[in-house]
Amino acid sequence: MSTFTYERSLAKYNESRRYLALGVSSSLRASMKPTPLFAQSASGARVRDVDGNEYIDYLLAYGPLILGHAHPGLNNHVFAAMSDGVTYGLQHDGEIKLACRLTELLPCAELVSFSGSGTEAVMLALRLARAYTGKTKIVRFHGHYHGWSDTIFTSFPSSDMQPNSAAGKASANQAAPGTGGQSEISLTEVILLPWNDPDALERALAEQGDEIAAVISEPIMCNSGCIYPQSGYLERMRELTRQHGIVMILDEVITGFRIGIGGAHGKFGVQPDLVTIGKALGGGFAISAVAGSKSIMQLVENGTVSHLGTLNGNPVVAAAGEFILEELSRDGGAAYERMERIGNSLIAGIRERMGTAGIRGIVNGSGPVFHVMFTDEERVENFAAFNRRDAAKYAKFAELLLEAGVLVRSNGLWYVSAVHTEREVAETLEAVERTLARL
Ligand SMILES: Cc1ncc(COP(=O)(O)O)c(C=O)c1O
């Protein structure tokens with residue numbers, strides 16, 4: 001039997017709830033079982049909690065830690081920037097350097113704007129699209145997540161994202177609020193469509209194209225099953241949006257700098273009008289970006305669109321971004337080859353062990369980000385099939401996996417960093433094997 005206990009985390013969680021609403025700073029974190037863990041310290045691919053348990057980390061702070069925890073080079077670079085002042089509300093060289101680097105690396109980027117979170121980047125991208133087109137409606141897709149602002153949030157994970165849901169106020173194409181207190185009016189402008197379905201998109205754009213400002217999509221549906229776009233789908237989205245004078249936004253808050261140095265759009269060779277980038281760009285520091293064509297981004301420049309934020313692009317986060325991009329570009333992208341190799345060894349090993357244990361499941365995705373689920377489906381290629389997985393069984397698996405020294409998100413998404421090694425793979429697969437046997 002395991003010697004794992006979570007007593008100190010549990011006690012701290014109870015203490016925290018006396019002062020901090022829900023005891024956590026982002027609602028999702030409260031769902032962790034057996035209790036939200038309290039971290040003590042972390043380095044590389046490993047994190048330790050206050051009960052003295054150590055885990056190989058595939059949560060990676062929900063994605064940003066592409067260089068792992070407490071990377072010495074990143075820390076030194078950031079400390080050096082901090083010693084000259086953490087923020088000025090004035091301009092500084094770090095902003096120029098990072099913005100310039102983004103325009104070099106991201107194929108669609110002619111101009112960029114920095115914010116502090118993925119949510120804010122999406123807010124700016126939507127505002128730009130509306131100002132540019134003079135239209136107001138936004139197409140988004142079932143199963144995608146674009147942050148928690150009232151303009152775009154629908155519940156997550158989501159019964160209201162079911163196509164043709166009879167529940168609540170959601171109909172096939174109408175989004176329902178994802179939270180109490182959300183403005184329903186803003187969602188009346190959102191058209192919710194099934195993803196990976198070019199005909200549904202074509203129909204919606206034919207019917208309402210003259211009212212639609214933007215189509216926003218994750219390039220890979222990382223938030224619901226790590227599902228890749230069907231061949232030609234994003235290209236079709238590009239053609240249709242262009243035909244109808246609609247801004248195409250790829251939300252690369254997860255994929256940007258995670259799956260390749262040119263983001264998913266660079267990897268897939270699709271040229272959106274705008275991309276939103278977050279998470280990996282800062283390696284754990286709070287920075288995000290909107291990048292895209294000059295003709296749209298100039299609306300910020302000429303003052304048509306306001307883009308605000310006290311701490312946007314400060315020297316600390318700019319230094320972090322600069323270091324991350326340098327590391328990821330080094331040696332012809334060796335970090336990506338490593339993440340690809342390590343991630344794919346894990347994927348193959350997990351598939352093999354599920355097979356041996358006689359547990360039916362699927363692993364979708366590749367290398368740096370993938371999704372593990374228990375399901376009887378042969379393939380999971382859309383949100384409807386994803387919804388048929390056994391989510392409760394996976395959540396139990398994630399909880400038990402902690403006791404084998406592995407930390408994963410309870411929804412099935414795994415992130416790999418550039419500092420995970422074969423040693424972590426071997427330990428993880430051994431832990432997976434033991435845990436599958438306990439399920
Ligand atoms: C695709 C996508 N867009 C936007 C966001 C929101 O980013 P943030 O949590 O930094 O506000 C997320 C967060 O997970 C995301 O996955």
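**Ligand shell and aromatic contacts**

The charged end of Arg-389 sits over the ring of Phe-386, 3.8 Å from the ring centre. A charge counts as sitting over a ring if NZ of Lys or CZ of Arg is within 6 Å of the ring centre and within 35 degrees of the ring normal. The model is predicted: local features need pLDDT of at least 70, side-chain atom pairs count only at pLDDT 80 or more, and totals for chains, interfaces and linings use all residues. Residues are numbered from 1 along each chain as its sequence is written, and side-chain values use heavy atoms, with hydrogens and water left out.

Lys-393 supplies a charged end over the ring of Phe-374, 5.5 Å from the ring centre. Phe-374 also pairs with Phe-397. Pairing is defined for rings of Phe, Tyr and Trp (its six-membered ring) with centres within 6.5 Å; planes under 30 degrees apart count as stacked, over 60 as edge-to-face and the rest as tilted. The structure holds eleven aromatic pairs. One of them joins Tyr-145 and Phe-153; the ring centres are 6.3 Å apart and the planes stand at 80 degrees, so this pair is edge-to-face. Tyr-145 is partly exposed, at 25% relative accessible area, whereas Phe-153 is buried, at 13%. Buried means under 20% relative accessible area, exposed over 50%, and partly exposed in between (1.4 Å probe, protein chains only).

For Phe-374 and Phe-397, the centres lie 5.4 Å apart with planes at 80 degrees, so that pair is edge-to-face. This pair links distant parts of the chain: Phe-374 is in strand 12 (residues 369-374) and Phe-397 in helix 12 (residues 391-403), 23 residues apart. Helices (H or I, at least four residues) and strands (E, at least two) are DSSP runs, numbered from the N terminus. Both Phe-374 and Phe-397 are buried. Phe-4, Tyr-6 and Tyr-55 form one aromatic cluster.

In the side chain of Thr-119, an N or O atom is 2.6 Å from a ligand oxygen. A polar side-chain atom of Asn-223 lies 3.0 Å from an oxygen atom of the ligand. For Asp-251, a side-chain N or O atom is 2.7 Å from a ligand nitrogen. The protein covers 83% of the 380 Å² of accessible area that the ligand has on its own (Shrake-Rupley method, 1.4 Å probe).

Terms used:
A polar contact is a pair of N or O atoms within 3.5 Å; within protein, one must be able to donate a hydrogen and the other to accept it, and residues adjacent in sequence count only if both atoms are side-chain atoms.
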